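Please consult the structure as each term is set against its definition.

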Amino acid sequence: MLTNAPKGTKDVLPSQVYKWHYVERAFADICETYGFKEIRTPVFEHTELFSRGVGDTTDIVQKEMYTFQDYAKRSITLKPEGTSPVARAFVEHKAYADVQPAKYYYNTPCFRYEKPQSGRLRAFHQFGIEVFGTNNMIADAEVICLANDFLHGLGITNIELQINSVGCPECRKAHREALRDFLRPKYEELCGTCKDRFERNPLRIMDCKSEICQELVKGAPLMIDFLCDDCKAAFEDVQNNLKHMGVEFVVNPGIVRGLDYYTKTAFEFVTTSIGAQGTVCGGGRYDHLMEELGGPPIPGVGFGLGIERLLLTMEANGIEIPEPETADVFVAVMGDEAKAFGLKLLHQLRQAGVRAEMDAMARNIKGQFKYANRIGAKKTVVIGDNELAEKKVAIKDMATSQQTEVSMDDILKELTK
Ligand code: ATP
Ligand code: MG
């Protein structure tokens, strides 16, 4: 059907878009306050960027990407996430030669072939930030603190910050072996995908959405107990930094995160108020991503935050976003001469930045007033033959119905004050 959008997509209608503007402005404002600059990257990239960047043992790369061949037979993928493209742009434009750390934020559409549910779409949107070029846990704390301030600043209260460390390739080796030892007797019961993960990347099994696998990993050895001295110190460091900044958190050793190249800090902001898809924001450190993409060994830390889930959470919190008024002044006209005068006035008002409207449906005067009410006009100016003859117009305050007479020469001044 031509008039049905594809499954898992959602239109943002004009009657709802003010909510998007509101959170988009709030996000840009807080990012600028924290010294981040916006970056915009294309909607599609070479497929390889994501298979390398996100990691080919992840759900995203294994079964969620929108991948196609273009006419020159290149494999192209619609952005499933925001970090790899930003890392690619950072390397491509040699931004590592600029002052470090580099701090970016973005607002991007993302595409993943998933089973659509509330808070889970095929075309959705993410806010995100990335800090490149520093190993210092101040950066990790700053990234987490920004997300925390943003969410609380919007009035969201029932949300929990959970943090963990996923270690580094060195300490992960011992954990991986312990995890395999633990899961080996249960191997046959694992889902097909996890059987594959068992060899390639058993840590991913912890993040499997299958209930059977979730049950099987209960009591599994935790990464947090295998951290090397360096990773352990980093985890303490980030926690101390968060405490200094007054950010409340809990340690959840179960957090694994979606990307393969995450190292050390991993975190999620989780709410119980929007059902199963409760992770509004997820992020962490990825010290080997840039190398994996063929760039210099530059560390990074950041997060992705789902805008649709954010709006659902705000709604569940009963947060009302102020709806902007659509019109300041309605110019009601009767007769051709009045229309000519009205059009001129309409244009002058708009040039002065006043949200002015006039009828474009050939309504009679009663219909024009009705329309003015429907679009929420605060004032209506009435212009007819009498008014033109007497060089005076009446300005009606739509809320109080009070009328003020002004001379034609003063009308613009009166309406723009
Ligand atoms: P989940 O475990 O819910 O699948 P994820 O780990 O795949 O999430 P990330 O890759 O970390 O999610 O993406 C960051 C954020 O983007 C998520 O926390 C969520 O708010 C949002 N998000 C992810 N996938 C979707 C989707 N299909 N529809 C809507 N929002 C999404
Ligand atoms: Mg997912």
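Q: Where is Lys73 found?
A: Lys73 is found in the loop between β3 (67–69) and β4 (75–78); helices (H or I, at least four residues) and strands (E, at least two) are DSSP runs, numbered from the N terminus. This is a predicted model, in which local features need pLDDT of at least 70, side-chain atom pairs count only at pLDDT 80 or more, and totals for chains, interfaces and linings use all residues. Residues are numbered from 1 along each chain as its sequence is written, chains are lettered from A and ligands numbered from 1 in the order in which they are written, and side-chain values use heavy atoms, with hydrogens and water left out.

Q: Why is Lys73 called exposed?
A: The relative accessibility of Lys73 is 62%. Buried means under 20% relative accessible area, exposed over 50%, and partly exposed in between (1.4 Å probe, protein chains only). Lys73 therefore counts as exposed.

Q: What is noted about the phi of Lys73?
A: Lys73 has a positive phi of about 65° although it is not a glycine. Most residues other than glycine have a negative phi.

Q: Why does Ser401 count as partly exposed?
A: Ser401 has 45% relative accessibility, so it counts as partly exposed. Ser401 is found in the loop between β15 (392–397) and β16 (403–407), and its phi is near 65°, a positive value in a residue other than glycine.

Q: What makes the peptide bond from Gln100 to Pro101 cis?
A: Its omega is near 0°. Most peptide bonds are trans. Pro101 is found in the loop between α4 (83–92) and β5 (102–111).

Q: Why are the buried residues of α12 said to line one face of the helix?
A: The buried residues of α12 are Ala338, Gly342, Leu345, Leu346 and Leu349. Seen down the axis of α12, they fall within an arc of 110°, so they line one face; the arc is that of the directions from the helix axis to the C-beta atoms. The face turned away from the buried side carries the exposed residues Asp336, Glu337, Lys344 and Gln351.

Q: How does the reach of α12 compare with the expected span?
A: Helix α12 (residues 336–351) has 16 residues and reaches 23 Å from its first C-alpha to its last, close to the 22 Å expected. The expected span is 1.5 Å times one less than the number of residues.

Q: Why is Met358 called buried?
A: Met358 has 11% relative accessibility, so it counts as buried. Met358 lies in strand β13 (residues 356–358). Met358 and Gly342 are 16 residues apart in sequence and 7.9 Å apart in space, C-alpha to C-alpha.

Q: Which residues are closest to ligand 1?
A: The closest are Arg112, Glu114, Arg120, Leu121 and Arg257, and 15 residues surround the ligand. A residue is near a molecule if one of its heavy atoms lies within 4 Å of it.

Q: What makes the pairing of Arg120 with ligand 1 a polar contact?
A: A polar side-chain atom of Arg120 lies 2.9 Å from an oxygen atom of ligand 1. A polar contact is a pair of N or O atoms within 3.5 Å, so the pair from Arg120 meets the cut-off. A polar side-chain atom of Arg309 likewise lies 3.0 Å from an oxygen atom of ligand 1.

How values were computed. A polar contact is a pair of N or O atoms within 3.5 Å; within protein, one must be able to donate a hydrogen and the other to accept it, and residues adjacent in sequence count only if both atoms are side-chain atoms.
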